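Visitor: I would like to learn how to read a model of this kind, feature by feature. Could you take me through it with care?

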Amino acid sequence: MVSQIQIVENVLKLNDEVAAFNRAQLREAGVLAIGVLGAPGCGKTALLEATLARFGGRERIGVLVGDLATTRDAERLARHAEHVVQINTGNGCHLDANQVRQSLGRLPLDALDVVFIENVGNLICPVNFDLGEDVKVGVLSVAEGDDKPAKHPQFVRAVEALVLNKIDLLPVVEFDRAAFERDIRRVHEDVTICPVSVTQGHLDAWFEWLEQRLSAHRTAEFATHT
C-alpha cells in the first residue's frame, strides 16, 4: 500500500512539474488558458461551439479536445475555429500535463489570446491533474440531477465558474435548484454559477463571466508589459 501511494505521489509530482512548464509557456505567449470539466453529455462541446461562434471574430482562440476515441468533438469545433487539436487518451480517464504540453506545440500560441482545454468527460479524475491552465470551469446539467455538487465536492472546489446547462428542462425534470446551489455554496462560497441553455441560446450568464475573465487577463497582461 505504501509503495502504491508513493507511485501516485510521484506521478502527480511529475505532472505538476510539466504543468508548471505549460503555464509558463502560455503566460509568456500572453494566452489565457481555460480548462473545461464535466461529465459526458453535460454539454461541454456544445458550450464551446456557442462560445467560439460568439467570440471567434474578436478573440484569437485555440482548443484542445480530450476524449477516449474519435475526432468527432474536434470536427464539431473546427467549424468555428481554425486551431483545434484532438487528444485521444485511449483508456485514460483524463488529460495529463504532458499530453497538453505536446498538443500546445501544434498551436500558434503567439497568435492566440485564449486556449480552451476540454477534458475527458469525467467528474473525478480530471480534478486531480493540473494541466497548466489559468482557471478551470465546470459544466453540470439539469439532466444529471441536483445532487452532483454534494456527491462531487472536489469538482466544485476546483472550478472558478460552474455552468448549469439545460435549464430549459427544469419544467420537466425533478431538479431542486435551491438545494443544488446550497450544496455548491457549502464547499465553494465564491464560485460563479452560470445558468444556461446552450440549445436555446440562453448564454448571457456564461458570456458575462467570460468577458470579465478576458478583461481581467488583458489588464494583467498590460500591467506586466508596462
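This is a predicted model: local features need pLDDT of at least 70, side-chain atom pairs count only at pLDDT 80 or more; totals for chains, interfaces and linings use all residues.

Visitor: Where does I193 lie, and is I193 buried or exposed?

Guide: Helices (H or I, at least four residues) and strands (E, at least two) are DSSP runs numbered from the N terminus, and I193 belongs to strand β7, residues 192-195. Burial is read from relative accessible area, where buried means under 20%, exposed over 50% and partly exposed in between, with a 1.4 Å probe and protein chains only. I193 counts as buried because its relative accessibility is 17%. The C-alpha atoms of I193 and V139 are 9.9 Å apart in space, although 54 residues separate the two in sequence.

Visitor: How many helices and strands does the chain have, and what is its radius of gyration?

Guide: The protein chain has 8 helices and 7 strands. Its radius of gyration (taken over C-alpha atoms, with the globule rule being 2.2 Å times the number of residues to the power 0.38) is 17 Å, close to the 17 Å that the rule gives for 226 residues, so the chain is as compact as a globular protein of that length. Along the principal axes, the C-alpha trace spans about 55 × 45 × 40 Å. Of the 226 residues, 50% count as buried, and among contacts with a separation of 6 or more, residues 24 or more positions apart account for 72%.

Visitor: What does the accessible surface consist of, and where do the charges lie on average?

Guide: Accessible areas come from the Shrake-Rupley method with a 1.4 Å probe, and for residues only the protein chains shown count as cover; by this method the protein chain exposes about 11100 Å², of which carbon and sulfur atoms supply 50%. For charges, Lys and Arg count as positive and Asp and Glu as negative, while His and the chain ends are not counted, and the place of a charge is NZ of Lys, CZ of Arg, CG of Asp or CD of Glu. On that basis, the mean positions of the 23 positive and 32 negative charges are 1 Å apart.

Visitor: Which strands does β2 pair with, and in what sense?

Guide: Two strands pair if DSSP finds at least two bridges between them. β2 pairs with β4 in the parallel sense over 5 bridges, and 6 bridges join β2 to strand β3 (residues 83-88), again in parallel. Individual partners can be named as well: G62 is bridged to V115 in β4, and D67 to N88 in β3. Because 6 of the 7 residues of β2 are buried, this strand is largely enclosed by the rest of the structure.

Visitor: What does K136 touch, and is K136 buried or exposed?

Guide: K136 lies in strand β5, residues 135-141, and is buried, with a relative accessible area of 13%.

Visitor: Which residues have a positive phi although they are not glycines?

Guide: One of them is T70, with a positive phi of about 70 degrees, found in the loop between β2 (61-67) and α3 (72-78). T70 is partly exposed, with a relative accessible area of 40%. Another is K166, whose phi is also positive at about 70 degrees, and which sits in the loop between β6 (161-165) and α7 (177-187). K166 is partly exposed, at a relative accessible area of 25%.

Visitor: How should I read separations along the chain against separations in space?

Guide: The two are compared pair by pair, with C-alpha atoms as the reference points. D16, in helix α1 (residues 2-28), and F129 are 113 residues apart in sequence and 7.6 Å apart in space. D146, in the loop between β5 and α5 (148-151), has its C-alpha atom 5.9 Å from that of D176, 30 residues apart along the chain. P108, in the loop between α4 (97-104) and β4 (114-118), lies 96 residues along the chain from D204, with 30 Å between their C-alpha atoms.

Definitions and conventions
Residues are numbered from 1 along each chain as its sequence is written. Side-chain values use heavy atoms; hydrogens and water are left out. Contact means heavy atoms within 4.5 Å.
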